[in-house]
Amino acid sequence: MASPNGGDDFESSLLSFEKLDRASPDLWPEQLPGVAEFAASCKNPITNSPPKWMAELETEDIEMLKELGSLTTANLMEKVKGLQNLAYQLGLEESREMTRGKFLNILERPKK
């Protein structure tokens, strides 16, 4: 059995006073490429200017984004289904109009 003082000696023998240079890319490689650059960009002071993607948005667009962001998952899915149905109906209408144009010969190129 070890003496009570012997335990302290053992623990102190396990301590390492080696200084590790964490700046070295060889010792500490970046695990996820690009994270360091992203973190650095987040540290920049926040400006009052909107992000680039918002520069072209109009007030109506921003209001729609806020509306869609406030929807529950079920309501958002319902909205998406409505848009899919609208796109399908527009496709059918376009098909009918193209067929009509074909029968009326308005889509032919003029002959030279």
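Visitor: Is Leu-104 buried or exposed?

Guide: Buried means under 20% relative accessible area, exposed over 50%, and partly exposed in between (1.4 Å probe, protein chains only). Leu-104 is exposed, because its relative accessible area is 54%. You will find Leu-104 in the segment after α4 (73-103); helices here are DSSP runs (H or I, at least four residues), numbered from the N terminus. This is a predicted model, where local features need pLDDT of at least 70, side-chain atom pairs count only at pLDDT 80 or more, and totals for chains, interfaces and linings use all residues. Residues are numbered from 1 along each chain as its sequence is written, and side-chain values use heavy atoms, leaving out hydrogens and water.

Visitor: Which helix has the highest mean pLDDT?

Guide: Good thing to check! pLDDT is the predictor's confidence in each residue, from 0 to 100. Among the elements of the protein, α4 has the highest mean, 94, while helix α1 (residues 4-14) has the lowest, 72. The protein averages 79, and 76% of the residues score at least 70.

Visitor: How many salt bridges does a search of the whole structure find?

Guide: A salt bridge is a side-chain nitrogen of Lys or Arg within 4 Å of a carboxyl oxygen of Asp or Glu. The search finds one. It joins the side chains of Glu-97 and Arg-100, at 3.4 Å from N to O. Both residues lie in helix α4, three residues apart, about one turn of the helix. Glu-97 is partly exposed, with a relative accessible area of 43%.

Visitor: What is the phi of Asn-105?

Guide: Phi of Asn-105 is near 55°, a positive value in a residue other than glycine. Asn-105 lies in the segment after α4 and is partly exposed, at 47% relative accessible area.

Notes:
Helices (H or I, at least four residues) and strands (E, at least two) are DSSP runs, numbered from the N terminus.
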